[in-house]
Amino acid sequence: METHLSRAEKLELIRSRPGGKDRLLSVLLDLQAAEPSHCIDEETAVLVGAELGVAPARVYDAVSFYAMLSPAPQARFTVEVCESAPCHFSHAGRAADLAERALGVRVGEDTPDGLFALRAVPCFGACDKAPAVKIDGHVYGPLDEAGLRAVLAQYKEAE
Ligand code: FES
């Protein structure tokens, strides 16, 4: 069952990070990483602003500006498959099919446990490794279904 960080846990994390207002981004990233829902909700944004002496609007701006921050709950890991032409005409379909079978969801969906989001993206520079997936910045390929399941199992175990 997913839980949320308590107010006390959030305060402890914020106060453990040295520095002044310039630590806003690092504090938000650390809070998001620690939060089971992997987002910065309104309550957290207000708390961060109050603790760092930053206007709430500036905190909201940061959360909406940076792609790695999210105001809404998101999956722990993002599994990306390439949708660009070279892979599309060679192996991208296979990568998407592999990932859909291994995760049990379609491209664009998240797994019910909130662990993985499956997304189609433009070329991520692994054209020579297709069929490949990219998970939180790490490229794996070429993969077959067993290989992909083994990679996903490592992420599950690490969580
Ligand atoms: S075209 Fe698919 S990874 Fe480059």
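Against which helices do the buried residues of helix 3 pack? I began with this point.

**Entry 1, basis.** I worked on a predicted model, in which local features need pLDDT of at least 70 and side-chain atom pairs count only at pLDDT 80 or more, while totals for chains, interfaces and linings use all residues. Residues are numbered from 1 along each chain as its sequence is written.

I took helices as DSSP runs (H or I, at least four residues), numbered from the N terminus. I found Thr44, Ala45, Val48 and Leu52 to be the buried residues of helix 3 (buried: 20 or more other C-beta atoms, placed from the backbone, within 10 Å of the residue's own; exposed: 12 or fewer). They lie on the same side of helix 3 because they cover an arc of only 100 degrees around the axis, the arc being that of the directions from the helix axis to the C-beta atoms. Glu42 and Glu43 are exposed on the other side of helix 3. The buried residues pack against helix 1 (7-16), helix 2 and helix 4 (56-65), where contact requires C-beta atoms, placed from the backbone, within 7 Å.

I noted that the axes of helix 2 (residues 24-34) and helix 3 (residues 42-52) come within 11 Å and cross at roughly 145 degrees; axes are lines fitted to C-alpha atoms over the stretch in contact, with angles from 0 to 180 degrees between N-to-C directions. From helix 2, Leu24, Val27, Leu28 and Leu31 meet Thr44, Val48 and Leu52 of helix 3.

How values were computed: Helices (H or I, at least four residues) and strands (E, at least two) are DSSP runs, numbered from the N terminus. Two residues are in contact if their C-beta atoms, placed from the backbone, lie within 7 Å.
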